[in-house]
Amino acid sequence: MSAQEGSATSPASLWPLITGYMPARVVHVAAELGIADLLATEAKTADALAQEIDTAPVPLRRLLRALASIGLVEERESGRFALTAAGSQLRSNVPGSMRNIALMFGGERAWRSWGELLHSVRTGESGTRRVYGVGSFEYLAAKPEQAAIFNAAMAENTGRITELLVSTYDFSQFRNIVDVGGGNGALMAAILAANAGVLGTVFDLPSGMAQAQQNLADAGVAARCEIIAGDFFRSVPEAADAYVLKYVIPDWGDAQSIAILSNCRDAMHEAGKILLIERVMPERMEATPIHQRIAMADMNMLAMPGGQQRTEQEYRDLLSSAGLSLERITPLPGSEISVIEAKRG
Ligand SMILES: C[S@@+](CC[C@H](N)C(=O)[O-])C[C@H]1O[C@@H](n2cnc3c(N)ncnc32)[C@H](O)[C@@H]1O
């Protein structure tokens, strides 16, 4: 069916929604093949690229044309393909890189887990559990290569909001902060770099923070940061002023979330704070880009870890069940992320 046929027979906005997995798949294959890195310094023909990556040239040319159609490369008259600014975000190890995000969302687990969405909607069981028989973090603990992609993707995603976060929220009010489920330390590195008087701890499963030491050293803050491995369902490091949890609570159902939050409450100073850095689900959904991002993140929680995004009231109730009270919500301007502050009580 041609694109024209699509626009003649469907409302304009429905066609890209129905076929949305096609460009997503094209981007994922480009990321797997490392095309952006190979085009980083010069434009190349499909034949030249095919030789470098040992791929059949004709289908590779078709992939490059598809990438050109979505603006990630540009097809030149010479038959060479050049990287665009948007395509450059698929390069590895450049500021603003989204390569690991593309590898993660297009990777086998996401693909197969989302493939079970109908089952998940019918039953509430996550796609990951249905396909692999384990939860997300058990799966990642058993697959170090996948864990490395996941952790790097989380850090890439975190990197997109750290500047906004540290300029909007005053972390200098705390002497010491624990990042619970802090992954490979991207958030803590940014907090410490922006607040010279603060001490930090990154706390996570061993599989979640394999790169933390290196990232904190690269950011020049390793001397002010401890790295502690552990299980937040058992306990978290004691006596900090603030416990940050970013993108952690939505991974879990209510009972598990209350267990994590209760352990943070038990560990913190009497006047300590808990800071959830999260999307807040609107009470009523509208067709806006921000609402769409939150709703799709919620579907992703259903498909992958089996958790959910929550409304303000749901966060209030959850926190209250853990002996905490929601004090304030500070939205990060222009983003769908907020800082949700809670204290004992
Ligand atoms: C969605 S990731 C968020 C990572 C990081 N906070 C960020 O926003 O980039 C959830 C994190 O929780 C960690 N995690 C999962 N189960 C855990 C457990 N039982 N104890 C400690 N950390 C855990 C994972 O390893 C992972 O780093």
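## Aromatic pairs

Two rings of Phe, Tyr or Trp (its six-membered ring) are taken as a pair if their centres lie within 6.5 Å, and planes over 60 degrees apart make such a pair edge-to-face. In this structure, which is a predicted model, there are seven aromatic pairs. One of them joins Y169 and F171, whose ring centres are 4.9 Å apart and whose planes meet at 65°, so the pair counts as edge-to-face; both Y169 and F171 are buried.

F233 and W252 also form an edge-to-face pair, with 4.9 Å from centre to centre and 90° between the planes. Because F233 belongs to the loop between β6 (225-229) and β7 (242-246), while W252 belongs to the loop between β7 and α17 (254-267), this pair ties together parts that are 19 residues apart in sequence. With a relative accessible area of 15%, W252 is buried, whereas F233, at 33% relative accessibility, counts as partly exposed.

## An aromatic cluster

F233 and W252 also belong to one aromatic cluster, which they form with F137, F150 and F232.

## Charged side chains over rings

R25 lies over the face of W111, at 4.0 Å from the ring centre, and K246 lies over the face of Y247, at 3.6 Å from the ring centre.

## The surroundings of N300

N300 is placed in helix α18, which covers residues 289-303. Its relative accessibility is 12%, and because buried means under 20% relative accessible area, N300 counts as buried. When its neighbours within four places in sequence are left aside, N300 is in contact with F105, W114 and P305.

Definitions and conventions
Residues are numbered from 1 along each chain as its sequence is written. This is a predicted model: local features need pLDDT of at least 70, side-chain atom pairs count only at pLDDT 80 or more; totals for chains, interfaces and linings use all residues. Side-chain values use heavy atoms; hydrogens and water are left out. Helices (H or I, at least four residues) and strands (E, at least two) are DSSP runs, numbered from the N terminus. Buried means under 20% relative accessible area, exposed over 50%, partly exposed in between (1.4 Å probe, protein chains only). Contact means heavy atoms within 4.5 Å. Rings of Phe, Tyr and Trp (its six-membered ring) pair if their centres lie within 6.5 Å; planes under 30 degrees apart count as stacked, over 60 as edge-to-face and the rest as tilted. A charge sits over a ring if NZ of Lys or CZ of Arg is within 6 Å of the ring centre and within 35 degrees of the ring normal.
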